[in-house]
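Have the model open while you read.

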Amino acid sequence: MATLALASWATNLTYATLTPPVVDAAVKSIYNWAGCAIGGFSQPAPQIALNVSLHTGFSGPATSSILGLNDTSADAQVAAFVNGIASHVDDYDDTHLATIIHPSGVVASALLAVAETLSERDQRPVSGTEFLTAFVAGVEAELKLGLSVYPEHYDVGWHITSTTGSVGAAVAVGKLLGLDTEHLQHAIGIASTQVVGMQAFFGSMTKSFHIGRATQGGMLAALLARDGYTSSLTALEDKYGWLHVVSTRENASANFAQLGKSWEIESNTFKPYPCGIVMHPTIDGCIQLHNQALDEGKSISTDSIKRIDLRVNPEVLVLTGQIDPQTGLEGKFSIYYAAAVGLLYGAATPAQFTDQVVQNETVTSMRKLVNVTTDESVSEDEAYISVLFNDGSAMEKYIEHAIGSLENPLTVEDLKTKFIEQVSRQIGGEKAQKAYDAFINIGNMTDVGKLRMLFQD
């Protein structure tokens, strides 16, 4: 009984059962999410989503913050929706490599919106420990669910972050609201029937819409269940339930039996580059080759380079094989573009994934020199890069474990730098530092609903 097992575990989870590594991983995941949500608001997608929601009468009384806008609030549904979109639109968010799920965006966006509403409207403070416990419950729910159907569910074209994320958000919000096991089962069912997200939309604004919608759906599911809205108590494992409809294989019972015994959040990773994660080994290698070429006095240009050869895992072309990207969002899913900017700029930050850079003639010419060969013996965090110059010389680089992988993770200082750089562009350096201090100390707060007051006017 998978639905019962998940709901029962989440209902009984306490902060005392969270180990220090789990809490540390949760805090890092939350502040990485916050940096992405604030910095990502500079993209058109979350701004369009907010304007449409506010100007068409979809919103109610303002209770919850739009993180990327100073002193701007909306109702919980709109705030969760917009923050969810903003946190994912740059493709800079966290990644659970075993499932390719970006776990924090859906869960944290829903939780913060509800915590702020409880504080603002109900004068019911949510402590930092409550927030972290609910967050871990939601993340573990979506990741164990993802493991139960990966890779079959992903391989047929579902966007696994949003399809599992709505269930994770429902579990997290349900935990925060204090739902009992049966009500949480109903919440899981209501969330699971709102399955959303297909890979056809990667490289467009709609990819991040999946996250926003899953955030709304999971939050709404928990609120409906709290007030008696019914669903199926066997929504996941039923013959016509989530597990069997969206995948050709599942082993939820075995994975849910590990809840609280093995913690998936400890395997969460953080991106150094704002694009499809399977491109990261290539970018890592190309940046290193750029720096090496400069040290050796070699020119990196379309005039000096004859060809660029990549040998990568087959999944790279499946997910990021766009040959002729025309927008910054499309560039995030083009291995050809990624190699070109890594070599030309020696960097791959949000500044390199804009429409202007994607359409730059030099970048376009460079990516046309890129040739990709796939090899099943190459893992997803490996890459072989070879650059042949017109003078006959060559440079090669092998990346065994890309920066940001489990074996080569970003340091705490790396994560801070990433946060400050993203957030400073949107709200300024002084507020960025205040935001960083607020989010890294979230576990010590007596009312997370007041968190935005620590860095917004």
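## Overall build and aromatic contacts

The chain's secondary structure comes to 20 helices and eight strands, counted as DSSP runs numbered from the N terminus (helices are H or I with at least four residues, strands E with at least two). This is a predicted model, where local features need pLDDT of at least 70 and side-chain atom pairs count only at pLDDT 80 or more, while totals for chains, interfaces and linings use all residues. Residues are numbered from 1 along each chain as its sequence is written, and side-chain values use heavy atoms, with hydrogens and water left out.

The C-alpha trace spans about 75 × 50 × 45 Å along its principal axes. Buried residues make up 59% of the 457 residues; buried means under 20% relative accessible area, exposed over 50%, and partly exposed in between (1.4 Å probe, protein chains only). Take the contacts between residues at least 6 apart in sequence: 77% of them join residues at least 24 apart, with contact meaning heavy atoms within 4.5 Å.

Now for the rings. The count comes to eleven aromatic pairs. Rings of Phe, Tyr and Trp (its six-membered ring) pair if their centres lie within 6.5 Å; planes under 30 degrees apart are stacked, over 60 edge-to-face, and the rest tilted. Here are two of the edge-to-face pairs:

| Pair | Centre to centre | Angle between planes |
|---|---|---|
| Phe 81 and Phe 209 | 5.8 Å | 90° |
| Tyr 337 and Phe 353 | 5.7 Å | 70° |

Phe 81 sits in helix α4 (residues 76-89) and Phe 209 in helix α10 (residues 205-226), so their pairing ties together parts 128 residues apart in sequence. Phe 81 is buried at 9% relative accessibility, whereas Phe 209 is partly exposed at 33%.

In the other pair, Tyr 337 belongs to helix α16 (residues 335-345) and Phe 353 to the loop between α16 and α17 (355-358), 16 residues apart. Tyr 337 is buried at 0% relative accessible area, and Phe 353 is buried too, at 3%. Elsewhere, ring pairs link Tyr 31, Phe 419 and Tyr 436 into a cluster.

Some rings have a lysine over the face. Lys 207 lies over Phe 202, 4.8 Å from the ring centre, and Lys 418 lies over Tyr 92 at 4.3 Å. The rule asks for NZ of Lys or CZ of Arg within 6 Å of the ring centre and within 35 degrees of the ring normal.
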